[in-house]
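This report goes through one protein model part by part. Please have the sequence and the 3D view open while reading.

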Amino acid sequence: MTASGTHAGPHAGNGDDLDVEEALALVREPRADRTGRAGHAAARPAGHPEHPRAHGHEGATPWPRAREIAAHATRTAKRRPDVTVALGDALWLVLAAPLDALSDLPSFDTSAMDGWAVAGPGPWRIRDGGVLAGHAPPEPLTDGEAVRIATGARVPTGVTAVLRSEHGRTGPQDRLHPTGEMSHGQDIRPRGQECRRGDQLLPTGTLITPAVLGLAAAAGYDTVTAVPRPRAEVLVLGDELLTEGLPHDGLIRDALGPMLAPWLRALGAEVIAVRRLGDDAKALRRAITSSRADLIVTTGGTAAGPVDHVHPTLDRIGAELLVDGVAVRPGHPMLLARTKAEQHLVGLPGNPLAAVSGLMTLAEPLLRALAAHPAPEPYRTPLREGVQGHPHDTRLVPVVLRGERAVPLHYSGPAMLRGIAAADALAVVPPGGAPQGAGMELLELPWATAGIGVCFT
């Protein structure tokens with residue numbers, strides 16, 4: 001794992017600066033292609049227009065194309081079998097079969113209000129007792145009779161309407177009088193009003209939201225058939241990482257181990273393991289080749305330092321590199337590889353915000369495809385202030401949403417988390433930057449609401 005970059009001041013990371021890991025990735029010797037040919041750009045002088053530094057990482061995939069590749073990477077893979085899931089475990093899965101009504105809904109005529117069930121024209125004689133929800137079927141009413149009824153209770157046979165409590169008054173001899181006009185069937189929910197047995201309520205591919213769970217339960221379901229959650233495994237690399245206590249003696253706290261597992265869960269994955277391997281090439285190879293995950297996520301080691309083992313390991317196991325570097329800041333040296341026919345690996349840079357960039361660029365669209373989640377509709381929001389851009393690469397900048405505007409946050413250097421911890425989204429800033437008022441595409445964070453009230457601007 002390469003060392004983190006050093007930036008001074010709250011505005012660090014807003015320019016064309018490189019952290020150590022990105023710099024190593026930029027000068028990494030071009031890898032031979034499958035015919036044995038290798039590029040020669042690394043041998044060109046630094047001032048040459050085709051030198052890697054002239055336009056960023058040589059061969060780096062444009063950011064939009066990298067997202068597209070990740071979203072389509074699993075199309076040829078055989079999907080895991082659908083699963084039967086209890087309603088309590090199905091939230092945010094996707095229906096793998098239509099949700100058809102198992103009965104009429106409602107399954108009997110019910111009262112929509114508290115009041116009186118009445119038969120025929122009034123005034124009505126009030127019968128003793130009352131009708132409550134969940135109780136045995138009530139006795140039929142005859143014309144001229146009324147009985148107290150609760151919301152959701154089964155309407156007795158012979159009832160022509162429900163008179164709301166506030167629309168009736170009682171008079172002498174237990175007579176009930178309406179205080180306004182009434183209509184036949186008023187405030188009665190008839191059987192099958194919402195659906196009839198066998199009606200399709202929702203199609204295959206519907207995201208199971210809390211409302212969908214409610215509808216499924218109302219329609220009589222205990223379980224649903226769903227696309228399984230993709231399995232993810234996190235491999236944390238780096239000998240310099242501490243799991244507790246304060247940084248000391250050149251050691252730093254591991255920020256990615258605690259962050260990535262819940263982030264992947266928020267993206268719909270089932271995280272089966274988080275393993276800390278250090279800078280051990282043999283351990284990395286064993287971990288990758290033995291993993292049962294659909295997606296392996298590694299942290300650090302994607303550049304060309306002396307202990308950056310990800311590329312050599314992928315070479316040794318015959319993995320297919322689909323994305324090898326992305327023209328984005330932060331996060332240049334991210335990668336996407338197919339390690340097996342039905343398994344992929346996303347290599348994240350070791351710096352925290354650069355790793356977030358890789359997660360949202362490559363892991364998010366891949367997991368979305370594995371889980372059959374619908375792609376979110378892209379949308380743009382104007383910037384409250386201008387954002388400096390990179391000359392050639394896309395920038396992902398943490399922002400908070402304030403009213404109709406996106407407010408860029410400081411503390412957005414590759415090694416920083418202070419900005420993203422307060423953010424609602426990442427703004428996709430094109431090469432060259434964006435002026436105040438420009439509409440920016442936003443990548444919403446999976447837990448974003450309306451900001452947490454912290455704004456480092």
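Helix α2 gives 6 residues to the lining of the largest pocket, the largest share of any element. Helices and strands here are DSSP runs numbered from the N terminus, with at least four residues (H or I) for a helix and at least two (E) for a strand. The model is a predicted one, in which local features need pLDDT of at least 70 and side-chain atom pairs count only at pLDDT 80 or more, while totals for chains, interfaces and linings use all residues. Residues are numbered from 1 along each chain as its sequence is written, and side-chain values use heavy atoms, with hydrogens and water left out.

## The largest pocket

The volume of the largest pocket is about 860 Å³, and 31 residues line it. Nearest its centre lie Glu364, Arg368, Pro374, Pro376 and Glu444. Two or more lining residues come from each of α2 (63-72), α4 (256-266), α7 and β28 (439-444). A pocket is an open set of points on a 1 Å grid over the protein atoms alone, where a 1.4 Å probe fits, with protein on both sides within 12 Å along at least five of seven lines; a lining residue has an atom within 4 Å of a point. The volume is the space filled by probe spheres set on the points, and grid points are joined across faces, edges and corners.

Buried stands for under 20% relative accessible area, exposed for over 50%, and partly exposed for values in between (1.4 Å probe, protein chains only).

What does leucine 362 touch beyond its neighbours within four places in sequence? Its contacts (heavy atoms within 4.5 Å) are Ala66, Ala70, Val323, Met334, Leu335, Leu336 and Val346.

Valine 85 stands opposite valine 224 in β14. Strands β2 and β14 (residues 223-227) run antiparallel and are joined by 4 bridges; two strands pair if DSSP finds at least two bridges between them. They belong to an open sheet of 3 strands, ordered β2-β14-β3, with antiparallel pairing. Its edge strands, β2 (83-86) and β3 (94-95), each pair on one side only.

The loop between β14 and β15 (231-236) holds proline 228. Proline 228 counts as buried because its relative accessibility is 9%. Leaving out residues up to four places away in sequence, proline 228 touches Arg80, Pro81, Asp82 and Val83. From proline 81 it is 147 residues away in sequence, yet 7.5 Å away in space, C-alpha to C-alpha.

## The sheet of 6 strands

A second topic is the open sheet of 6 strands, which has mixed pairing and the order β9-β6-β8-β7-β11-β10. Each of its edge strands, β9 (161-164) and β10 (168-171), pairs on one side only. From one strand to the next, the twist averages 40°. Strands β10 and β11 (residues 175-178) pair in the antiparallel sense over 4 bridges, with arginine 169 opposite histidine 177 in β11.

The hairpin of β10 and β11 has 3 residues between the strands. Glutamine 173 counts as exposed because its relative accessibility is 72%. Aspartate 174, found in the loop between β10 and β11, has a positive phi of about 50° although it is not a glycine. With a relative accessible area of 52%, aspartate 174 is exposed. Most residues other than glycine have a negative phi, and most peptide bonds are trans.

| Residues joined | Omega | Loop holding the proline |
|---|---|---|
| Glycine 122 and proline 123 | about 0° | between β6 (115-118) and β7 (124-131) |
| Arginine 329 and proline 330 | about -10° | between β21 (326-329) and β22 (335-340) |

Terms used. Axes fitted to C-alpha atoms, helices over the stretch in contact; angles between N-to-C directions.
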